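Please look over the structure shown here before reading on. The paragraphs below go through it step by step.

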Amino acid sequence: MSLGEFELIKQYFQQQSGAPGVALGIGDDCALLTVPLGQQLAVSMDTSIADVHFPADGEPDLIAERALRVNISDLAAMGAEPLWFTLGLTLPDADPQWLQAFSQGLFRVAREYGIALVGGDTTRGKLSITIQVHGAVAEGKALLRSRASEGDQIFVTGPVGDGAAALAVMKQQLSAASMMTDYLMERYYRPQPQVVAGQLLTNFCAAAIDISDGLVADLGHICEQSGVGADLHLERIPLSEAVRQLVSFEQGIDWALSGGDDYQLCFTVPKAQVQQLETLVSTGKIVAHHIGEITAGNGVSCWHNSNPVVPSGKGFQHFGGQEALS
Ligand SMILES: [Mg+2]
């Protein structure tokens with residue numbers, strides 16, 4: 001890009017100062033950041049590419065919101081407090097209107113979660129957004145995927161399946177009333193990273209993951225890294241009002257199991273600490289739906305009203321296969 005274009009881009013992104021821990025922000029060769037005493041730095045990076053992860057002609061402020069929210073969700077999944085992020089932006093051209101809207105969306109989310117932009121880079125090419133987030137978590141307290149044990153109970157922080165439902169609406173495989181479309185687009189572009197829940201869970205001996213690839217795949221990662229299995233009770237999985245009204249239970253559950261893009265947390269809590277979690281739930285500090293338990297086996301086993309079922313990617317079937325769920 002030409003110098004003029006770089007200047008233009010700088011104009012939209014160099015606007016934060018005085019954020020916690022930022023000894024030196026944008027403007028020098030590096031930012032200088034001070035990690036809070038006794039805390040570990042949690043670092044994660046995610047790239048979103050136009051027409052792969054979001055429609056290229058989407059609203060620029062929503063594209064920015066989604067890109068940052070999805071990254072913050074990984075901090076939530078570790079129980080970390082969001083602190084700083086860097087941005088790598090590849091653009092076909094430096095369109096001032098697009099950049100202005102994009103930066104507005106970006107900083108809206110940054111303010112909401114108290115995370116400061118501390119550096120970045122821009123190049124010319126097909127629209128793509130890379131964000132690296134940094135967060136802090138007390139030493140030894142992070143929610144690791146490897147921490148689940150047999151007998152632990154499995155929870156999810158909210159409805160799953162909305163991400164896949166939103167995609168179906170966007171791809172025009174499904175038509176929905178405008179109120180539901182609005183709800184699903186909101187869930188797709190503005191997922192709510194479960195930062196508060198994640199931080200509360202660091203008080204438990206918990207394993208956690210954010211649901212980006214669907215419950216079966218993501219819970220599967222916990223199983224794999226912990227060397228355990230999981231029983232998942234499909235009738236307990238929370239589906240949103242929109243999904244329940246739009247499609248069959250079977251389709252809704254299929255989206256929950258294999259859709260992804262939900263950014264709720266799936267987490268495990270040892271049996272002895274479940275009472276403590278329930279206290280937090282009943283006082284409204286956290287939302288937790290009890291959906292299963294960790295077993296000595298391996299992989300995720302699905303059950304519907306105590307019957308074993310196999311998710312097929314096209315709904316799921318009872319063993320034997322003849323009986324469809326209604
Ligand atoms: Mg993740």
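Which residues coordinate the magnesium ion? In this predicted model, Asp74 and Asp210 do so through their OD atoms, at 2.1 Å. The two come from distant parts of the chain, 136 residues apart: aspartate 74 belongs to helix α2 (residues 60-78), and aspartate 210 to strand β8 (residues 207-210). Aspartate 74 has a relative accessible area of 22% and is therefore partly exposed, whereas aspartate 210, at 3%, is buried.

UniProt, in an unreviewed entry, places the feature "domain: PurM-like N-terminal" at residues 27-137. Over residues 27-137 the chain is 33% helix and 39% strand, with the end C-alpha atoms 27 Å apart.

Next come the aromatic rings. A search of the whole structure gives four aromatic pairs. One of them joins tryptophan 98 and phenylalanine 102, which are stacked, with 5.0 Å between centres and 15 degrees between planes. Both residues are in helix α3 (residues 96-113), four residues apart, or about one turn of the helix. Tryptophan 98 counts as buried because its relative accessibility is 16%, under the 20% limit; phenylalanine 102, at 0%, is buried too.

Tyrosine 188 and tyrosine 189 form an edge-to-face pair, with centres 5.1 Å apart and planes at 90 degrees. Tyrosine 188 is buried at 3% relative accessibility, and tyrosine 189 is buried at 8%. The charged end of arginine 66 sits over the ring of tyrosine 188, 4.2 Å from the ring centre.

Ring pairs also link Phe13 with Trp98 and Phe102 into a cluster.

Notes: Residues are numbered from 1 along each chain as its sequence is written. This is a predicted model: local features need pLDDT of at least 70, side-chain atom pairs count only at pLDDT 80 or more; totals for chains, interfaces and linings use all residues. Side-chain values use heavy atoms; hydrogens and water are left out. Donors are N, O and S atoms within 2.8 Å of the metal (3.2 Å for Na, K and Ca); water is not among the atoms, so sites may look incomplete. Buried means under 20% relative accessible area, exposed over 50%, partly exposed in between (1.4 Å probe, protein chains only). UniProt positions are given in the numbering used here, feature names are shortened, and annotations may be inferred rather than shown by experiment. Rings of Phe, Tyr and Trp (its six-membered ring) pair if their centres lie within 6.5 Å; planes under 30 degrees apart count as stacked, over 60 as edge-to-face and the rest as tilted. A charge sits over a ring if NZ of Lys or CZ of Arg is within 6 Å of the ring centre and within 35 degrees of the ring normal.
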